[in-house]
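Trainee: Could you walk me through this chain? I have the sequence and the model open, and I'd like to get my bearings before I look at single residues.

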Amino acid sequence: MDGQRDRTPNRALLRELASVLASESWVTSTTVFPANRPDSAIVSLERQYYPPKYISDAYIEVQSYTNGDFHISYVEDHHGETWLCRWDRHDSEDYTREHFHAPPEARHEDGENREYPPELWAVISRVVAPWVYERTGAVWDEFDS
């Protein structure tokens, strides 16, 4: 198997993650396993943290698998244009198991090797959330200038 086919979504972890994140002040809502993303938890972010003239929506999509693999995407909708990046943990021919695909498109060739904490919770709290906080500040700086 190629690693993509033998992954089983860690549904219990995704449900728990969505439940806990729903109480965060920077989160508007969470959805687990929506019809168009049946292996994901979607964390919608508070719109007040983004300049509405430039960004109409922002969310985090988390995919976690029982083998420890994950994909965590941060997505901004710039009124029809998507801006995104992604933290990954999975085998790759081009990068280490843990890597990051930089914005604005998170293309394969935008990958950078990284090291993450071992648990998904720690990746969210110590890597992704601080990155999102910095990004919201950068967004205002970027669009106010």
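Trainee: In what order do the elements of the chain run from the N terminus on?

Mentor: Keep in mind that this is a predicted model. From the N terminus on, the order is α-β-β-β-β-β-β-β-α, which gives two helices and seven strands in the chain.

Trainee: And how compact is the chain for its length?

Mentor: The radius of gyration is 15 Å, and the globule rule gives 15 Å for 145 residues, so the chain is as compact as a globular protein of that length. Along its principal axes the C-alpha trace spans about 50 × 35 × 25 Å.

Trainee: What share of the residues count as buried?

Mentor: Of the 145 residues, 44% count as buried, while the accessible surface of the chain comes to about 8000 Å², with 46% of that belonging to carbon and sulfur atoms. As for contacts with a separation of 6 or more, residues 24 or more positions apart account for 35% of them.

Trainee: Switching to charges, how far apart are the mean positions of the positive and negative ones?

Mentor: The chain has 14 positive and 27 negative charges, and their mean positions are 4 Å apart.

Trainee: Okay, aromatics next. How many aromatic pairs are there?

Mentor: The count comes to nine aromatic pairs. One of them is Trp-26 with Tyr-133, where the ring centres are 5.8 Å apart and the planes stand at 70°; edge-to-face applies to planes over 60 degrees apart, so this pair is edge-to-face.

Trainee: Which parts of the chain does the pair of Trp-26 and Tyr-133 tie together?

Mentor: Trp-26 lies in the loop between helix 1 (11–21) and strand 1 (27–32), whereas Tyr-133 belongs to helix 2 (residues 120–144), so the pair ties together parts that are 107 residues apart in sequence. Trp-26 counts as buried at 8% relative accessibility, and Tyr-133 counts as partly exposed at 47%.

Trainee: What about Tyr-54 and Phe-143, is that aromatic pair stacked or edge-to-face?

Mentor: That one is stacked, at 4.3 Å centre to centre with 15° between the planes. Because Tyr-54 sits in the loop between strand 2 (41–45) and strand 3 (57–64) and Phe-143 sits in helix 2, the pair ties together parts that are 89 residues apart in sequence. Tyr-54 is partly exposed, with a relative accessible area of 28%, and Phe-143 is buried, with 18%.

Trainee: Which residues do ring pairs link into a cluster?

Mentor: The cluster consists of Tyr-74, Trp-83, Trp-87, Phe-100 and Trp-131.

Trainee: How far is Arg-37 from Arg-135 in space?

Mentor: From C-alpha to C-alpha, Arg-37 and Arg-135 are 25 Å apart, and in sequence they are 98 residues apart.

Terms used: Residues are numbered from 1 along each chain as its sequence is written. This is a predicted model: local features need pLDDT of at least 70, side-chain atom pairs count only at pLDDT 80 or more; totals for chains, interfaces and linings use all residues. Side-chain values use heavy atoms; hydrogens and water are left out. Helices (H or I, at least four residues) and strands (E, at least two) are DSSP runs, numbered from the N terminus. The radius of gyration is taken over C-alpha atoms; the globule rule is 2.2 Å times the number of residues to the power 0.38. Buried means under 20% relative accessible area, exposed over 50%, partly exposed in between (1.4 Å probe, protein chains only). Contact means heavy atoms within 4.5 Å. Accessible areas come from the Shrake-Rupley method with a 1.4 Å probe; for residues, only the protein chains shown count as cover. Lys and Arg count as positive and Asp and Glu as negative; His and the chain ends are not counted. The place of a charge is taken as NZ of Lys, CZ of Arg, CG of Asp or CD of Glu. Rings of Phe, Tyr and Trp (its six-membered ring) pair if their centres lie within 6.5 Å; planes under 30 degrees apart count as stacked, over 60 as edge-to-face and the rest as tilted.
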